[in-house]
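Let us walk through this structure together, one side-chain contact at a time.

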Amino acid sequence: MEDSHPAEAEQHDLLLVVDATASMSSFLASLRASLRQIVSMSVLTRCFSRIGLLAYRDYSAPNLLQWSGWYDTSQNATGTQPDLLEIAASLRTEGNYDTPEAAKTGLAKAYEVMRPDAKTVILFYTDAPPHMAGNAQLPDLWRIEDNGISEREALSDPTSYGGYGPVFKDWVSACNLLREGEKKAQVFCLLQPGMSHSFVSYYNYLCTMTQGSCIVLHGDLPSVITKVTIGSSVDLDGIRQAGC
């Protein structure tokens with residue numbers, strides 16, 4: 001006998017993850033400009049059930065992470081909702097004493113706040129590579145070994161980030177978890193124009209593994225970043241609606 005009840009459509013959450021170190025001022029200005037449109041569009045289409053904002057920096061910064069909490073776009077949402085626009089407006093750049101940043105930690109936190117009963121679409125904004133062993137080849141001015149060591153130590157804690165922290169010590173294992181783990185993500189990276197191919201390769205791999213897309217911007221003006229962000233969000237909503 002056929003089931004008369006159609007299967008429920010897959011739920012999708014939208015998570016904006018932004019590198020909030022000193023060199024990212026243009027990206028943060030863009031975020032403030034585009035977030036209102038993203039939220040309004042998501043509420044209207046109802047194809048993103050929740051929206052969240054996560055900022056990461058590096059271990060030498062006063063505030064390593066800032067997490068907004070989830071904004072529920074449903075009409076019957078209960079409880080106190082985070083004010084995403086106010087949170088975005090209050091974000092300030094910090095740190096940036098070296099080139100690599102705590103991208104692995106940002107992804108670990110993202111995975112911790114994701115849920116298994118929805119696919120999370122991640123828009124990931126950065127202009128710097130993650131801490132990697134290959135960073136030893138960078139000039140001393142561009143790297144601070146203590147930050148990379150601090151990140152490895154923090155992620156080695158088996159209780160960190162909901163118990164998932166150790167997986168994110170390694171970029172490949174992190175990408176595998178985002179693709180195949182209990183909680184799944186699709187990552188779209190928006191990268192600084194002129195970013196070196198060696199740095200882009202980390203994010204290209206992340207996006208390829210999660211069936212997302214890696215976009216190197218052609219300009220770093222807030223207007224350019226906003227245009228690409230809104231365009232990407234419209235395309236994503238179109239994909240979501242096709243499956244709704």
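Does Asp-13 count as buried or exposed, and what is its relative accessibility? Asp-13 has a relative accessibility of 0%, so it counts as buried. Please keep in mind that you are looking at a predicted model.

Side chains of opposite charge can pair when their charged atoms come close. Here Asp-13 forms a salt bridge with Arg-50, with 3.0 Å between the closest N and O atoms. To find the two partners, look for Asp-13 in strand E1 (residues 12–19) and Arg-50 in strand E2 (residues 50–56); the pair therefore ties together parts that are 37 residues apart in sequence. Arg-50 is buried too, because its relative accessible area is 17%, under the 20% that sets the limit for buried residues.

Arg-50 has another neighbour to show you. Arg-50 lies over the face of Trp-70, at 4.2 Å from the ring centre.

Now turn to Asp-117, which forms a salt bridge with Arg-115; their closest N and O atoms are 3.9 Å apart. Arg-115 is buried, with a relative accessible area of 18%. Through shared partners, salt bridges join Asp-13, Arg-50, Arg-115 and Asp-117 into one network. In total, the structure holds six salt bridges.

Glu-112 forms a salt bridge with Lys-109, and the closest N and O atoms are 3.2 Å apart. Both residues lie in helix H3, three residues apart, which is about one turn of the helix. An α-helix has 3.6 residues a turn, so residues three or four places apart point the same way.

How many of the residues of H3 are buried? The count is 10 of its 11 residues, and the helix is mostly covered. Among the buried residues are Leu-107, Ala-108, Ala-110, Tyr-111 and Val-113.

Tyr-111 leads us on to the aromatic rings. A pair of aromatic rings is described by the distance of the centres and the angle of the planes. The model has eight aromatic pairs. In one of them, the ring centres of Tyr-111 and Tyr-164 are 4.7 Å apart and the planes stand at 75°, so the pair is edge-to-face. This pair links distant parts of the chain, 53 residues apart: Tyr-111 sits in helix H3 (residues 103–113), and Tyr-164 in the loop between helix H4 (145–156) and helix H5 (171–180). Tyr-111 counts as buried because its relative accessibility is 0%, while Tyr-164 is partly exposed, with a relative accessible area of 22%.

A further aromatic pair is formed by Trp-171 and Tyr-203. Their arrangement is edge-to-face, with 5.7 Å from centre to centre and 90° between the planes. Trp-171 belongs to helix H5 and Tyr-203 to helix H6 (residues 197–209), so this contact ties together parts that are 32 residues apart in sequence. Trp-171 is buried, with a relative accessible area of 4%, and Tyr-203 is buried at 0%.

Ring pairs link Trp-171 and Tyr-203 with Tyr-56, Phe-124 and Tyr-202 into a cluster.

Note on methods: Residues numbered from 1 in each chain as written. Predicted model: local features only at pLDDT ≥ 70, side-chain atom pairs only at ≥ 80, totals over all residues. Heavy atoms only, no water. Phe/Tyr/Trp six-rings, centres within 6.5 Å; stacked < 30°, edge-to-face > 60°. Helix = DSSP H or I, 4+ residues; strand = E, 2+ residues; numbered from the N terminus. Buried < 20%, exposed > 50% of the residue type's maximum accessible area, 1.4 Å probe, protein only. Lys NZ or Arg CZ within 6 Å of the ring centre and 35° of its normal. Salt bridge = Lys/Arg side-chain N within 4 Å of Asp/Glu carboxyl O.
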